[in-house]
Amino acid sequence: MDVPAAENTGHPRRWAILGVLVISLLVVVLDNTVLNVAMRTIADPHDGLGASQSQLEWAINSYTLVFAGLLFTAGIMADRFGRRLTLTVGLTLFGTASLVSAYAQTADQLIWARALMGLGAAAVMPATLSIIANVFDPRERGRAIGVWAGAVGLGVAIGPVVGGLLLEHFWWGAVFLINVPIVIAGVVLVLTLVPESRDPKPGRIDIVGVLLSIVGLTLLTYGVIEGGEEGFGETGSWGPLVASVAVLTAFILYERRIEFPSLDVKLFAIRQFSASVAAIGLVFFAAMGAMFFSAFYLQLVRGYGPLASGALFVPFAAAQLIFAPRSAAMVKRFGPKRVSTIGLLLVAAALSGWLFIDAATPIWIVGALFFLQGVGMANVMPPATESIMSVLPREKAGVGSAVSNTIRQIGGALGVATLGAVISSTYRDEISSATAGLPAVARGVAQESVAGAYGVAEQAGPAGQALIASANDAFITAVHYASIGSTAVALLGALVAMIWLPGKRPEAPAPAAEGPAEPRDAELIEA
């Protein structure tokens, strides 16, 4: 007698809903990478806002600080008040702040508008993933998360291309203004297609825990940002980091003893959960740090413009689009342990390839390394994220999504800061002999960064070519050291995955389709 297949408990419109969520996610992820391309124009006093270096840094950091600090809180609020509501409010805030950013008259206005964009993005990111967990049957969820992860990779990679195209034809504000029509369409589609869902039994709100998480994560992010800019030996860097450890320790101790915690810290005792969180943090530490130094390599050492250098990230995006949606089938066949371990090893192989890159390396090799890195990450993010979401009940999907995204954001920021510090330190050591004969002010500028050395060389006439050659050599040596560090972190992630992630699960017989299907979270409250 044949056993009937179990009924699919997913929402009837789940694949259309996923398309809406991908649009919502892309506009957020795309924006931050687009801004990096526009920095030079925004700094121009005639074509931009005449922003100083410090103001440029805070145009990025104000967003990152608010985004990382409030991700966890936004996930909690989504579970309590409704995920569609949180997504709609987040998109509206993000679109409004984008409009303000586009027409900012001063750099300070831009910084505050970017902070508001970070608030909107913090609401959007965890809401998209938690809605996926609620509208998809567990048997399809891995594939849906693969598409979601592919959208993240696509946004990171095509941002520089979109930014370059916009800046070639429009003014700098276009990199923000483009968000507005996409957000309007996204809000309409969310309200039309996405069902509301929330935790049916949220318990008392954990105000103390929420406040501790905001303070702790904000201090941690600020310390990491300052460490990347000023060095981790400065009080302004290690002070906030020490304070963040104290606050987050207090958060953990408090959450362990209350009846309705915002985060059940006992989840970290489950090795599938903690190992998946660690794998995500480590792979983003390694990958984002590498993307940071590769952008400087392409634009300065190789002389590519914003559009051409952005186009070289397209292989990374292509790999994400091709392989991330297929990772669920790989996990089903081989198990999360094997797929994630191999993915992290591919990332490590791609990052180690930078050890052999120099100023004359054929550019197709750089593109091939980006593609290999994309293939690896496409087989790490989806299984690790699915492992996190599968540990939690559907009603707590917002918390799981928030933890995953917070670790990803902080891991990436820490990777940029740490590997950036390695590059700065090595570069200064390597360039010192070539700048010994320069005046004190010029020597300080040239030793500060490879971009500074190029600026000094432009003022030095024919003698500047020798300085550029020395700066390129010093920077490439620094990249080699950073490559060793990023490769080591990726290998550590592979070790974590190999030891602690679960292997292939045995196929369970499909249950008979008797009685009502398992209800979705809060019966997916229809608007």
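Colleague: Leaving aside neighbours within four places in sequence, with which residues is Gly164 in contact?

Modeller: This is a predicted model, in which local features need pLDDT of at least 70, side-chain atom pairs count only at pLDDT 80 or more, and totals for chains, interfaces and linings use all residues. Residues are numbered from 1 along each chain as its sequence is written, and side-chain values use heavy atoms, with hydrogens and water left out. Contact means heavy atoms within 4.5 Å. With neighbours within four places in sequence set aside, the partners of Gly164 are Val37 and Leu307.

Colleague: Is Gly164 buried or exposed?

Modeller: Gly164 belongs to helix H5 (residues 138-169); helices (H or I, at least four residues) and strands (E, at least two) are DSSP runs, numbered from the N terminus. Buried means under 20% relative accessible area, exposed over 50%, and partly exposed in between, with a 1.4 Å probe and protein chains only. Because its relative accessible area is 3%, Gly164 is buried.

Colleague: How many helices and strands does the protein chain have?

Modeller: Helix H5, which holds Gly164, is one example of a helix. The count for the protein chain is 20 helices and zero strands.

Colleague: Why is Thr128 classed as buried?

Modeller: Thr128 is part of helix H4 (residues 107-135). Beyond residues up to four places away in sequence, Thr128 touches Leu21, Ser24, Leu25, Leu87 and Trp148. Thr128 is buried because its relative accessible area is 0%.

Colleague: What radius of gyration does the protein chain have?

Modeller: The radius of gyration is taken over C-alpha atoms, and the globule rule is 2.2 Å times the number of residues to the power 0.38. For 527 residues, a compact globule would have a value near 24 Å, which agrees with that of the protein chain, 23 Å.

Colleague: What percentage of the residues of the protein chain count as buried?

Modeller: Both Gly164 and Thr128 are buried. Of the 527 residues of the protein chain, the share that counts as buried is 53%.
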